[in-house]
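Here are some notes for a reader who is new to this entry. Please keep the sequence and the model open while going through the points.

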Amino acid sequence: MNYEEVRAKAKEIMVPECLVCKECNGVACKGWVPGIGAKWTGNSFIRSFNYLNEVKLVMDTIVLKEQEAQDISIELFGKEFSAPIFVAPIGGMDINYGGKIEEEDYHRSTLTGAKNSGIAAFTGDGANDVYFNAPQKPLKELDGWGIPTLKPWSQEKVFEKIKVVEELGVIALAMDIDSAGLVHLAASGKPVYSKTPAELREIVEFTKLPFIIKGIMSAKGAQKAVETGAYGIVVSNHGGRVLDNTPATTEVLPEIKKVVGDRMKIFVDGGIRTGADVFKALALGADAVLIGRTYAISAFGGGAEGVSLYTEKLKAELKDTMLMTGCTTLSDITADKIIY
Ligand SMILES: Cc1cc2nc3c(=O)[nH]c(=O)nc-3n(C[C@H](O)[C@H](O)[C@H](O)COP(=O)(O)O)c2cc1C
């Protein structure tokens, strides 16, 4: 199987819930929430995709010393990863993807494919308990090699769920604090809450797992996140699904990096599709990226193998971009390697 075959197979399965467009840019699926698109006009997703495309690379292949092979490995959470790439949490196979795949099977594909390629997948949570429960079996099979992402439930409920994932021996724990904007969650009668810094700090102190706050979109928000003592943040607008009319995620990244410095790890997601996009995100201040919808396409079209094939493609593109911009390690990927 090659990556093109994965996409062709995905198209057979996913249409009409996802059209498997040549460019996964949020245009065809605007307003599809529930579904795979972004809220209302869809422009938060579209802007993230377009903004990143406008960032340009500075080509320079005259090197000052003989260049070694590109090293894209990274240490995070005290563990080694083959690339600064993670599979973003995607939950709700029933309401978002027409029930064409079981929640457990989807997560088995992403978790296994990611692990086989030396990276890791986040898993989701939601209105239906199955979104949180279904990934637990594959996580167990893989000795906890994954990162569950909790919704911002009441503190009491959060603590209960943390105990469950700690038992699985997972790598880290995330919370998509931006989920208050999810319409179907509000409609389900299962309340989620905007968290205070004190509540987030309480979670950091409650768990022994590295804690990642997902859904930061401003320097002010990042400053508050730093004060909680969290391990990291994901600069994310939830793929445009929680608020229309936000800036692009990579657009706010430099001002967030300025505030955070090296005090927390910075992840970013939203419209990242290629290894060149990963390079641009790192040059703008991220330590690593999350990719959502195109990993879903890979999982639908090729299961764990599809996820690995896409990961290997991303890695090859990232290395190629580094070669052409005179970078050998990830720390060489700095703002002067791009024009934005
Ligand atoms: C169908 C769908 C379901 C999602 N479910 C979750 C979820 O359960 N938890 C979460 O934190 N993010 C969820 N997300 C957001 C993604 O993790 C990610 O932030 C977003 O898709 C941006 O990346 P992309 O442009 O690469 O898709 C979901 C996104 C989609 C499209």
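How many nonpolar, polar and charged residues are in the shell around the ligand?

1. The shell holds six nonpolar, 11 polar and eight charged residues. Please bear in mind from the start that the model is predicted.

2. On the residues that come nearest: there are 25 residues around the ligand, and Pro 89, Asp 269, Gly 271, Arg 273 and Gly 292 come nearest to it. Two of these names, Gly 271 and Gly 292, return in the next point.

3. For Gly 292, a backbone N or O atom lies 2.8 Å from an oxygen atom of the ligand. Arg 293 also takes part, with a polar backbone atom 2.9 Å from an oxygen atom of the ligand. These pairs count as polar contacts because their N or O atoms lie within 3.5 Å.

4. On cover: taken on its own, the ligand has 610 Å² of accessible area, and the protein covers 98% of this. The ligand takes up the space of the largest cavity.

5. On aromatic rings: the count comes to 13 aromatic pairs. One of them is formed by Phe 86 and Phe 267, with an edge-to-face arrangement, 5.8 Å from centre to centre and 75 degrees between the planes.

6. On cis peptide bonds: one joins Val 15 and Pro 16, with omega about 10 degrees. Another runs from Val 33 to Pro 34, where omega is near -5 degrees. Pro 16 is placed in the loop between helix H1 (3-14) and helix H2 (43-54), and Pro 34 is also found in the loop between H1 and H2.

7. On a backbone angle worth checking by eye: Phe 77 has phi near 55 degrees, a positive value in a residue other than glycine. Where does Phe 77 lie? Its place is the loop between strand S2 (74-76) and strand S3 (79-81).

Conventions. Residues are numbered from 1 along each chain as its sequence is written. This is a predicted model: local features need pLDDT of at least 70, side-chain atom pairs count only at pLDDT 80 or more; totals for chains, interfaces and linings use all residues. Side-chain values use heavy atoms; hydrogens and water are left out. A residue is near a molecule or strand if one of its heavy atoms lies within 4 Å of it. A polar contact is a pair of N or O atoms within 3.5 Å; within protein, one must be able to donate a hydrogen and the other to accept it, and residues adjacent in sequence count only if both atoms are side-chain atoms. Accessible areas come from the Shrake-Rupley method with a 1.4 Å probe; for residues, only the protein chains shown count as cover. On a 1 Å grid over the protein atoms alone, a cavity is a set of points where a 1.4 Å probe fits but cannot get out, and a pocket is an open set with protein on both sides within 12 Å along at least five of seven lines; lining residues have an atom within 4 Å of a point. A molecule sits in a cavity or pocket if more than half of its atoms lie within 2 Å of its grid points. Ala, Val, Leu, Ile, Met, Phe, Trp, Tyr, Cys and Pro count as nonpolar, Asp, Glu, Lys and Arg as charged, and the others, Gly among them, as polar. Rings of Phe, Tyr and Trp (its six-membered ring) pair if their centres lie within 6.5 Å; planes under 30 degrees apart count as stacked, over 60 as edge-to-face and the rest as tilted. Helices (H or I, at least four residues) and strands (E, at least two) are DSSP runs, numbered from the N terminus.
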